[in-house]
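I opened my notebook to look up a few backbone details in this structure. Come along and check them with me.

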Amino acid sequence: MGDQGLLTGRRLASHKLPVHSHTSPSSSSSVPRSKSAKARKRRTELRQFLCSCGVKCAAFLLIAVFVVGLDRWFAGVMFPMPTLLPKPLLTQSVVTSAPTKVAHGKQIGFDLKEAQVDLTTKQLYDTIAFEDKDGGAWKQGWDVQYQGNEWDEQKLKVFVVPHSHNDPGWKLTVEEYYQAKTRHILSTIVQSLAKDSRRKFIWEEVSYLERWWRDTSLLEKSEFIRLVRNGQLEIVGGGWVMNDEANSHYFAIVEQMMEGNLWLLDTVGVIPKNAWAIDPFGHSATMAYLLQRMGFKNMLIQRAHYEVKKALALEQNLEFIWRQSWDSENSSDIFCHMMPFYSYDVPHTCGPEPAVCCQFDFWRMPRYGGALRCPWHLDPVETAPDNVQERATKLLDQYRKKSTLYKSNTLLVPLGDDFRYTSLEEAELQFRNYQALFDYINSHPELKAQVHFGTLEDYFSSLRDEVESGGDNRHDAPKFPSLSGDFFTYADRVQDYWSGYYVSRPFYKAIDRVLEESLRAAEILFFLAQAYCQANDYHSFPLSFGKELVNARRNLALFQHHDGVTGTAKDHVVVDYGTRMHNSLSELQSFMAASVGALLNKDSPGVCDADQLSFFQPEQSRTSHDILALKKFVDVASGNTIQVVLFNPLEETVEQVITILVNSSAACLVDSNWASVSSQVSPDWTQGTSYLVTGRHRLQWQASIPPLGFQTYFILSSKDNAYCNQAVLSKLKIYNADKDFICPPPYKCSLETVETIRINNEHLTLSFASRSGMLQDLKSHKDGSHTNLVEDLCLYSSRGGAYLFLPQGQATSIVDADGLILVTEGPMMQEVSTIPNTAFDHTPVIRSARLFAGNSVQSLILEMEYHVELLDSTFNNKEIITRFKTDINSGKVFYSDLNGFQTIRRETYDKIPLQGNYYPMPSLAFLQDPEGRRFSVHSRQAVGVASLNNGFLEMMLDRRLTRDDDRGLGQGVLDNHPTNVVFHLLVESNISSLLTGSSSAPRLPSLLSHRVGSQLNYPLHAFLRKPKHLPDAQAEAKSLMPKWKVGLVPWASTFPCDLHLVSLKILRPLQFLNAATSKELQFGLLLQRRGWDPSYCKKGGTDCRTLANGSFDLSDVLTGLTTSQIRKSSLTFLHEDLQVRGYIEQLHRKQITGVSKRKIPIDLKPMEIQAFKFALKHVR
């Protein structure tokens, strides 16, 4: 968030906050608390039974408890004490659930059945009226009351948890916040906790902790570690940041959690086990899964729709077992605590009445001024002997009311806000006054309460104890429901939906994904280069790049912050994020270029000398953080020959049409055998809102690159060249051109007037309206079927801001007739590029639709590229979308992805405003009709998506807003940049009967859809070698032909289509040489088995196999690399006891332990991600 205080804190606006008086502690209700009377009766009966059965009965029960305890201990479900050792015994979660109501799950994917749960978020949305009723003091709730005798048998146990939420960038940059606030906060925490062992605190953001660690003294470091070890200070979450959960891809989420958790283990010696997410704007089920598989036992969330919170609170279901919708074996369960009220600041955490709670934020006392005054005009006062009774009972009244919203007698009360505890004075005010109140309450038994400072671990441990103390049959213990689903789209009040941030700053959302895929590719190259160079006893490369690699990890991690990738920071903060990402991208590209030289020449002497690796340069470069990537061009006009090396970062062979810019159409291509390769040239048009010829040309050809491998080609001038055939000149057809249009030489342009424009390849034919240039229809050559795909470009008028989407009516089309249309036809690629005719002087968007040749994944999709420019005041308070109107009978139901990991069912509700029916789309959305036709849209960056009518699907492309939306940022979004948004469209038909899950069940992508998404999000990387004259290049090519014929192929075989290589990396590159002398496993591998719908093509559109087709052994694919000591691990590579994390090993599966050391069988359940740690024994 941002600055301190209720008035300036994010999402808190004083003029909209209600002012209410508090309810006295003695107030009661005629409605008894549901968890009290029956529980007291059962406990009384149990005591009478124990007394009557005497010593023998008691002894029998003790023996039974002992036996059951031993059994549970060996089963791994006891709750051992936490430790700070590198391999801790993990504290268990609170996972006692109520009996499930859903019957046996139906099949929803290959080898996947729907989970059995008590609640789904769809059920909640179906039943909630969304009437936005005023609840009084608790605006989004009701007038909470209690009877007064609920705690007669068991005291209320309250844990007050001091915290300080530190945004790594929002109104200030991360460094500005550190210097102004965070460094003081961390020092204050250490000094204040050291004064009194009863004081507790929690900390989340490791990015700040690492920064402080570089500055602080050895004494403070030692004291910090001591406080962590004695339990006064708990690190919660422990990610580099508290990540966004809507836009972030799961790769980046794992990366930022790993970076923070590894640093904590190496530096502080602690592994977090409780997660704390109080400020992300909605919560994803993917986050729950990842946390559980990282070894976390419990999690806390805050920002869910206020009507959903109210519905859960009414049934005391704010604590639940979060289960994945596809997990029929319940192996991914994690205990989740949801905070009930509007915010996480002090006025909204002690109880339902903020006017009362604000009186207990002692830093708001008038004479201090460190925080803003309470807006209800009821100020805090110092706790003193003459007022402590009144103040303590007033506070306890709020605690009791809040407790009625939960099933247990254990209560969590956060005590903090944004950037709080900046000084010892503030800390002392809070700790001193609260301790006086606690002492009074705890010393008066008649109040039936115990109140202490605590941590999340204190709270969850106490809750666990309460669950386990409910008797042998646990009739008295709280029973927590199981729940599946997510918590999007978030609304905090008066139907204000936070769906705008799904799209805000799309330029930087795109850079985020480029950095992500570049980091992944660089990590793989780093691993391969290190393996081969180490085998030759070279250590200067790639280890000399270790610092830059770590910086790239951390800059990607930093941008996952919930004010980074969301686009909800101040302009200069966005520049800081962008500059960091740009710098890392430049460094990664330079490293990858050097790695290509090292790996292609790995047998040459001295090739791993970092000073000798300057053969190649990346084909794309960026000169600034705020401009699109620039493609380098090959100078063939001067007679040079350029070597092009393509690197495939995917685990499958990729066949694609490659595009390289050249400065002459008289170009040709040969492969590494010096054999001519068929190719095409077409004009390169400028990226902008009008078409101008750059004088360069797009040279395109079909290439096939092996998994994680390289392929080499040479570009030459075709003039007087007997080695290759000149590239075919594309045909250009022009529609609606004005008299000033000039055809670029040497191409021939024909002026066309036909009504329908068609382009095609071997698999598809596309039809476009010649007046507008918009897509109309897609025909499949496989079965001759047509799918209506009517494309439109529309604008919303909006009064929203960076967070909120607040449309003023429906979106209206901006496309008029007679837009300029350029059609390119050639053997490799066909394209329809359109500059729509609009009412604006400069159209805000141009669109290029492309089909590619071949029999590949790329040839089965339609590529749509939108170049968007909302650059001036003409487009103020406008939001631009692309919309597809199809004939698919989807019934206003569609499916979108969560973090690129899984899909979830979405439904458009009439009872919710338009903006509430928008959802995050990090990478995929699709429609499906009852007959099985499916229309999928894949994206390479996060956008917002909706299906507002039957068969409609719209994606938001950009937004330009002058207004602040009153959530604390204090500005609109006016720093738009020219942006390219790319979608890959796929139409499929089922080949067998559709799977029929429940109405809440997700539908899974097909195998082909998974491959489309991978190839879009993890593209090929091209590198250009410095120019050489033809005789030199030809001689070198012939001498190296045996190697270049196949490129470098470190992967001996293609992975199964449903097995994805998430990452392959050196865990600690800066410590690699030191670790090499130890027994520590230095390398990490993450694999995911994809969940897929078997109703569609089981061969992924081409001939590929799955894990179900046969066994798969990892050792069979690591060509030349012998691994040793490979072990399964948690996703952060910190834990090796996987039973604690709930991985399912079926009886027929082989365990890695005991298998021949040369065999590494991989057998995962669909949807699962598995981590492996290993060492390299030698390189063959």
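**Ground rules.** I am working with a predicted model, where local features need pLDDT of at least 70, side-chain atom pairs count only at pLDDT 80 or more, and totals for chains, interfaces and linings use all residues. I number residues from 1 along each chain as its sequence is written, and side-chain values use heavy atoms, with hydrogens and water left out. Helices (H or I, at least four residues) and strands (E, at least two) are DSSP runs, numbered from the N terminus.

**Cis bonds.** I looked up the link from Phe488 to Thr489 and found a cis peptide bond, its omega near 0 degrees. Thr489 sits in the loop between strand 13 (482-484) and helix 13 (506-535). I then turned to Pro745 and Pro746, which are also joined by a cis peptide bond. Omega there is about 5 degrees. I placed Pro746 in the loop between strand 25 (731-735) and strand 26 (749-752).

**Positive phi.** Which value does phi of Phe130 take? I read a positive one, near 55 degrees, in a residue other than glycine. Phe130 belongs to the loop between helix 2 (121-127) and strand 4 (156-165). Is Phe130 buried or exposed? I noted 5% relative accessibility, so Phe130 counts as buried. Buried means under 20% relative accessible area, exposed over 50%, and partly exposed in between (1.4 Å probe, protein chains only).

My last stop was Met1167, a residue other than glycine with a positive phi near 85 degrees. I found Met1167 in the loop between strand 49 (1121-1129) and strand 50 (1169-1179). Met1167 is buried, at a relative accessible area of 2%.
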